[in-house]
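Take a look at the structure below. We will walk through how its chains meet and what lies inside them.

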4 protein chains.
Amino acid sequence: MSHAIVHRCFERVRYADTDKMGIVYNGNYARFFEIGRTELLRSIGLPYVELEKQGILLPVLSLHVEYLAPARYDDLLMIETHYQHDPNVASIQLSYQISRDDVRIARGSTKHSFLLAESWRPTRPPASFVDAVLHHHSSSELS
Amino acid sequence: MSHAIVHRCFERVRYADTDKMGIVYNGNYARFFEIGRTELLRSIGLPYVELEKQGILLPVLSLHVEYLAPARYDDLLMIETHYQHDPNVASIQLSYQISRDDVRIARGSTKHSFLLAESWRPTRPPASFVDAVLHHHSSSELS
Amino acid sequence: MSHAIVHRCFERVRYADTDKMGIVYNGNYARFFEIGRTELLRSIGLPYVELEKQGILLPVLSLHVEYLAPARYDDLLMIETHYQHDPNVASIQLSYQISRDDVRIARGSTKHSFLLAESWRPTRPPASFVDAVLHHHSSSELS
Amino acid sequence: MSHAIVHRCFERVRYADTDKMGIVYNGNYARFFEIGRTELLRSIGLPYVELEKQGILLPVLSLHVEYLAPARYDDLLMIETHYQHDPNVASIQLSYQISRDDVRIARGSTKHSFLLAESWRPTRPPASFVDAVLHHHSSSELS
């Protein structure tokens, strides 16, 4: 009963992402992480825009990135996003690994809390989220 | 009776602005232009946040940039912003010149329309804007 | 004998692309245009990284964008890039249309010159580029 | 003998920094941190461009950010950067606090290693850096 979700997607490095060292600027990994968690949510049937329509925001509480090897222009990066559901915790954490072929480029994590969009007050993970996470888990176990 | 406003400010080029060619990425001049018009508005006593509080938005209708010479990391760029008031036109246009010492780096322009924030429908330039522009003009003539 | 190339690709709007107006920040269309021309070059067998390996740079001389309708978070935008080859001109121009389903979001253009990476001096379009453009044209006509 | 350096500077939040939540996008704090450490280095007489001219790079090994309160458009943020010199360690660490008046917005840290620009191989902190740090310390004690 791990309740773990793993999602992989790919993103190409653009000139816009690089800096004068010839590598991806350190702050731009936040974008790769955003893409990872957005596509993970979409893959379990709950696009983030749906959460927003339900009046829920999921702002970033913390960001951590370790840079293991430079990512360069035109690299096709694999973004691997992990989510481990813990029903006892109000905030959620995602972890990320960025790689190019067999080269590990970066790893990191973000923490998020669920907020009511109207009041910006914390709220429990909404049922739509918990259902999507648990349903995904069940169907993964069946396959 | 030129009704012209000129404003100068300075902005330093950061690693975040550069790309792997070692120069400022072409899209990042939009930020320099934004800084220019924001500080021009502040200088005539009407910060853009005040316009927003009055329910007015000023989105960009068009952007034009000509790149004359590369801007490089740590350059201290001068942003010169020009506004020429025309009471017969609903949209406004600003023009910009970016330079480093005597080197002309870029020039360009943006067009904007005034929108009501609630409906996103076009509106006449608000009185607060026209007053700030004309008042600024008058005091410049006096000095 | 139009020597025209059209390429279409798709890019999703991320939180990182938006601003507090809830729409894509005006400067970020430069990234969409970059993606458009990069993927056009790849589609004719000449990835931009190959040009760089040949010692050629293709910096942006000018950028023009008209914003027709707002692009919003999570929109899947179609980037349509047009290139019309003119053998008599040293610089090249690309034009772009950004749309979401039937809504035209933006259109624009960029001009570029070929530079020698070592000296940053202008150079004629390299044979690899001209060949890729003309070969692409021929095979399009055959199909 | 604390060998500690503290530097404060200010940076205004631009539209370009915000996202559709109406706050500064999480990845853009990397830019604030970059500004903080760049201006700290300039304040002790060793601009980062000088290090680069000496053939030294200082890439980011890790980035950590905690978001304590939202930063909003047009906020004038104070960036406070701390550096504590440890002669026994090859990499360096800086810590940052972002605030607006009395509101703590964010805190974080970055780790960096000194690299030779030619080979991208690690190197000891160069004498120019150690001298600037120690000289700064001494003159602070005198004042």
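Leu63(A) has a bridge partner in β3(D): Val65(D). This pair belongs to a predicted model. Strand β3(A) and strand β3 of chain D, residues 60-67, run antiparallel and are joined by five bridges.

Now widen the view to the whole contact between these two chains. Chain A brings 16 residues to the contact, and chain D brings 16 residues. On the chain A side, α1 (29-43) and β3 (60-67) each supply at least two residues. The top contributor there is β3(A), with eight residues. What classes of residue make up the side of chain A that touches chain D? Nine are nonpolar, five are polar and two are charged.

Chain D also touches chain C. Here nine residues come from chain C and nine residues from chain D. The chain C side holds four nonpolar, three polar and two charged residues.

How are chains C and D related? Two copies of a chain are related by a rotation about an axis and a shift along it. For chain C and chain D, a rotation of 180° with 0.0 Å of shift superposes one on the other, with an RMSD of 0.0 Å. That is the relation of a two-fold axis. Why do the copies meet through the same surface? Because 100% of the interface residues of chain C are also interface residues in chain D.

Strand β3 of chain C, residues 60-67, and strand β6 of chain C, residues 103-112, run antiparallel and share seven bridges. Within this pairing, Glu66(C) has Arg107(C) in β6(C) as its bridge partner.

Finally, look inside. The largest nonpolar core has 147 residues. Those with the most contacts inside this core are Ile98(A), Ile98(B), Ile98(C) and Ile98(D). Take Ile98(B): leaving aside residues up to four places away in sequence, the residues it touches include Tyr29(B), Phe32(B) and Leu77(B).

Notes
Residues numbered from 1 in each chain as written. Chains lettered and ligands numbered in written order. Predicted model: local features only at pLDDT ≥ 70, side-chain atom pairs only at ≥ 80, totals over all residues. Contact = placed C-beta atoms within 7 Å. Nonpolar A, V, L, I, M, F, W, Y, C, P; charged D, E, K, R; others polar. Core = buried A, V, L, I, M, F, W, Y, C linked by C-beta atoms within 7 Å. Buried ≥ 20, exposed ≤ 12 C-beta atoms within 10 Å, placed from the backbone. Helix = DSSP H or I, 4+ residues; strand = E, 2+ residues; numbered from the N terminus. Pairing = 2+ DSSP bridges. Least-squares fit on C-alpha atoms with pLDDT ≥ 70 in both.
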